[in-house]
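Open the model in your viewer and keep the sequence panel in view. The stops below say what to select next and what is there.

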Amino acid sequence: MILFLFCLCSVDVWAQDRVQLFGVVRDAESKQPIPKATVTVLDSRFVMETNELGEYAFECINQDKIEITFSCVGYAPLVYSLRQLKRRNDIQLKKQVRRIEEAIVRHRNPKNVLLDIEQRRHLNLGQMLEGTVPGLIFRPSTTTEQEVIFSTPTLNISGSMNLREMYDQMKRTMPEAMVLYPTFQDFQRDFDQKRSTLMRAAGSNIINQTKLSSMGLVPEFRGGSALPGDTKGMLVLVDGFPEAEFPLNMPMANIESVEVIRDPEEGIKYGPEGVNGVVLIKTMRGSVGKPLEIHYTQNFFISDLEDISNKALERISSRDLLDLYQDRFDLDITPMTNLHLPYIGVNPAYLLLNHHRHDKISASEFEHRWDSLGNLDNQQQIRQTQQRVGMQNYNLRLAGRKDEVRYNLSLMYSDNKSSSPGDYMRNFDLNSNNTFSFFKNKIEGNLYVRYRRGENKTVPRISMSLEPYQMLFDEQGNYVYDYNDTYRYDLNQQFMSLGAFDVGRNHVEDQRLNYSLGRNRMLSASGKVQVNFNPSLSWINTMLYQRTNNRTEQFTHEHSTDARRHFNMYSIPIKDKGINYWAPVGNYNQRGGSLETTMDFRSGFDFSKTVSDIHQFKAGLSGWVSMSDAKMNPVEIFYGVDARGRGGDTIWMEPTAARNIYGEPVETGSLINIPQPQNQRNRNLRIGGNFGYSYRETFQTKFTYNGVYIPNYGVKPNYAMFHDASLLVDWDLHQRFIPENRIINELLIGTKIGGLRSPRLPAQHQASRNMETNWDYYSISLTNYFDPNMSNINLNYAKTSLYLGLFNDLMKFQASAYINNQDRTLWSGDFNYNIKQHLLTKLDFLSTLSLVYSLQNFDQYQSLLIQFELNQLNRHSVVQPNFLVMEFLPPAILNHEPSIQLGFLSDRFLVDIRKYDRLTTGIMVDMYNLPDFATGLQSRYVKNTIRTKGLEFASTLKLFERSRFRWNVNVLASFNDIVNVEVPEQEYIANYAYLVTPRNNYSQNALWSYRWGG
């Protein structure tokens, strides 16, 4: 309570004749701080400006009649007496009407959401955000990767492939498997159980698997279709730094503001990932007026065990499943030809039915064993392998002010546990956010530093797709092995008699023995220093640095299923001497990692001068240097590690013509496959300049130039130069010609013309290097060749906009037409009609009724120009990374979004209904079904379009409100549909796969469906 009172106190009296005042100047509509607002004590010489956070602090004579004026360009000034100012420290300025810039902003329909967090400080960030914005949900992070080191002698392919590549290869080489796996999700879900079946049927030998998973969640807005052919969550920025995973457990006590950007036109400023929405999080800064404040918060969460009942999982019982299998068997509906291949696993039910049909067992024995299967149920055993999901957070925050320095230091520790025993995710986070101002605001700025250290451990989850009769333990507590996805039990026993390992799988044993471990370290720092030479001229400098180090491990115990199967693949029988294992028997570990470094430096001048309250001149000049380096260390296998995964070494083996115990060739080349590290380096130089003039705030013109310079490797000149130049003219016709018109209160027209140029960019090459061991040399093959679509841009464009306000802004209309030299005309606009205030003023129970419609239509070049605007550095610019990627043009977007807002009983009950229909078109990389016959390349650039449409509903019912208690009920609902509108053409290939390609475009991951496949 003491800390809370400290926050409310705004006046400290030092002496009877002096008083200290401090507070914040805000925008009355957005509630955002207003920097550079002027504070003047009348009848004195004291004048000051608020800092970048809108804060002021000064002392004056303690006389109640003294008047203080708060003013800022574009806002109506406010005058308070000292007596009034002692009672309030939150100054809210209203924007002036008829300023050109404000008119343009006011006509944009608001789509972003600045969340009200003051009453939710006791929650963490995830609890606060979920259920606040309609259409925003959390889903598990898709950072899970699976790699398989394998060899395919029949196809003469060896190497390392992820799960998606395996599925694509299987579609090309094993079309009959598509009956079982019509979509990638079906293949991924059943991968653990069906590995040996799939790869042996394709003539391949699996060596091992790496599964790197994450326990994190990411926010997803409107289905997550950020780019065609891909599904990503929203871009999350914490104090300007992108977060790979959402900081779900960050306590609200350490957060100053959270803003959700839903407007795709504004989101594109943050790069292609921002198209699908951006979450801007700003952490706390130092307090005003207090030398030290100490805040400590704890947050605990624990949930009940996961419900794995048949009803919750929509799973039938063992008895019902056996009846289904018997009906399918009687109709000869059996999976592929497994019953005719003795070395491929078949579930016990089908195997028992097959033995009964061919009289391998008697009818009485069949009935006895069939009834025994039906009486088994593994639910209780699976439940014993679960644990409660728990989370605990501890946060300590020190904040205060010392002279002209405001400081904030936050330390946070979190520990999360999932439902699998042994899983955890621990993070330590140190955050320091400080601001300073010296020499009466002549030098001001901020310094932000963050250090994060985390570790997460993941154990294999027990698959919920187990047959309900497949037990995990027998009555004595011994492991019960499942042979459904490998050699059948009888055949496995024959191999074991020769000295091979048992290849049966038990999920509990694997869960107790194997694990994935990830460690990450991150250091982020940013700063801004602004030197104000005079009220008209400022020199702004910003710096940003980030270094991220990630390490991953996949530990495989020698007694686990993966290890036993792995060793058998390299088991060479020796007559009368047992088996010689070419792969060292013992624990092994797969290690990989990455190191990424980013540095940005910006510097520029900002000039603004008003002459005789009539003429205003503005100018700016800035430069931006951006550098990033990424070092990727692919996964390598280390044999002979200890129980903690330490030590070990890679192995080297000569080729052999021997065959393993299964009679398959032993591919030693896959054992010694050492992936090559990948290094990526990006350099970027950006410059920007502008000059503007306005007359009586009714006419303005502005010239802007943006340039981007990137290395041009292998091509002359050494640097490629992008140029964007534009001229903007705006004219307030209402104030100039019809200022007294009662219907039209605003009429503004603006025109912008410009051009964009880019040079010839070098093509991107991808090649593979393979060691030919028989000839002792390397072969290099060109696999991909991409010609960037940002090359040779020669664009001229013009954009004309009209802003119209009627009936004192009760009806607002904005329309714009964009034309370029590619014979394209794109229309955009916004319409806002306040029906309640215009037509229904006498309906007292109806407090709000507004109709809003928004049309956004911008092509890929306009998206690029929006990103170029960040080149302009001014006093209000924030520190942020360079999001411009000089590879693909950003996506084009066409978005229709009507909405209606209803309020009843003085807005005690509010309803917002919003419908949207968005087309997103971009360039993606498409894999050929088979390598292109003409070039041998495996992929190509294609254009793809995704249509996202849906309906969002949000309502708030204010049941009870008092000064210290508030009870609101919020109801949110959303519906979202993603449709693949335009997909790449697929070449005809005369094979079985062309005829049986399934209809798979209902799946979110299967966006590359063929036209002829539905």
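Begin with phenylalanine 960, which is found in strand β42. This is a predicted model. Is phenylalanine 960 buried or exposed, or partly exposed? Its relative accessibility is 32%, so phenylalanine 960 counts as partly exposed.

Now widen the selection to Phe909, Leu957, Leu959, Phe960, Phe965, Trp967, Val969 and Val971. Together these residues make a nonpolar surface patch of about 670 Å². Colour β42 (939–961) and β43 (966–982) as well: each of these strands supplies at least two residues of the nonpolar patch.

Next, select strand β39, residues 846–858. Of its 13 residues, 11 are buried, so β39 is largely enclosed by the rest of the structure. Which strands pair with β39? One is strand β38 (residues 824–834), which is joined to β39 by six bridges and runs antiparallel to it. To find a point on this pairing, select asparagine 834, which stands opposite serine 850 in β39. Another partner is strand β40 (residues 892–904), paired with β39 in the antiparallel sense over 12 bridges. Here, select valine 852 and look across to serine 899 in β40, which stands opposite.

For the next stop, show the aromatic side chains. How many aromatic pairs does a search of the whole structure find? The search finds 25 aromatic pairs. One of them to select is tyrosine 56 with phenylalanine 58, a tilted pair at 6.1 Å centre to centre and with 40° between the planes. Tyrosine 56 and phenylalanine 58 are both buried. Then select phenylalanine 831 and tyrosine 833: their ring centres are 6.4 Å apart and their planes lie at 50°, so this pair is tilted. Phenylalanine 831 has 26% relative accessibility and therefore counts as partly exposed, whereas tyrosine 833, with a relative accessible area of 13%, is buried. The cut-off for buried is under 20% relative accessible area.

Move on to Phe501, Phe567, Tyr581, Tyr588 and Tyr639, which form one aromatic cluster. Among the buried residues of α15 are Asp562, Arg564, Arg565 and His566, along with Phe567.

Two arginines come next. Select arginine 686 and tryptophan 624: the charged end of the arginine sits over the ring of tryptophan 624, 4.6 Å from the ring centre. Then select arginine 736 and phenylalanine 737, where the charged end of arginine 736 sits over the phenylalanine ring, 5.2 Å from its centre.

The last stop is an open sheet. Select β9, β17, β18, β15 and β16, the five strands in their order across the sheet, where the pairing is mixed. Which strands are at the edges? They are β9 (113–114) and β16 (241–243), each of which pairs on one side only. Inside the sheet, pick out strand β15 (residues 235–238) and strand β18 (residues 278–283), which pair in the parallel sense over four bridges. Finish on leucine 235, which stands opposite valine 278 in β18.

Definitions and conventions: Residues are numbered from 1 along each chain as its sequence is written. This is a predicted model: local features need pLDDT of at least 70, side-chain atom pairs count only at pLDDT 80 or more; totals for chains, interfaces and linings use all residues. Side-chain values use heavy atoms; hydrogens and water are left out. Two strands pair if DSSP finds at least two bridges between them. Patches are made of residues with over 30% relative accessible area and no salt bridge: like charges are joined within 9 Å, nonpolar side chains (Val, Leu, Ile, Met, Phe, Trp, Tyr) within 5 Å. Accessible areas come from the Shrake-Rupley method with a 1.4 Å probe; for residues, only the protein chains shown count as cover. A salt bridge is a side-chain nitrogen of Lys or Arg within 4 Å of a carboxyl oxygen of Asp or Glu. Buried means under 20% relative accessible area, exposed over 50%, partly exposed in between (1.4 Å probe, protein chains only). Rings of Phe, Tyr and Trp (its six-membered ring) pair if their centres lie within 6.5 Å; planes under 30 degrees apart count as stacked, over 60 as edge-to-face and the rest as tilted. A charge sits over a ring if NZ of Lys or CZ of Arg is within 6 Å of the ring centre and within 35 degrees of the ring normal.
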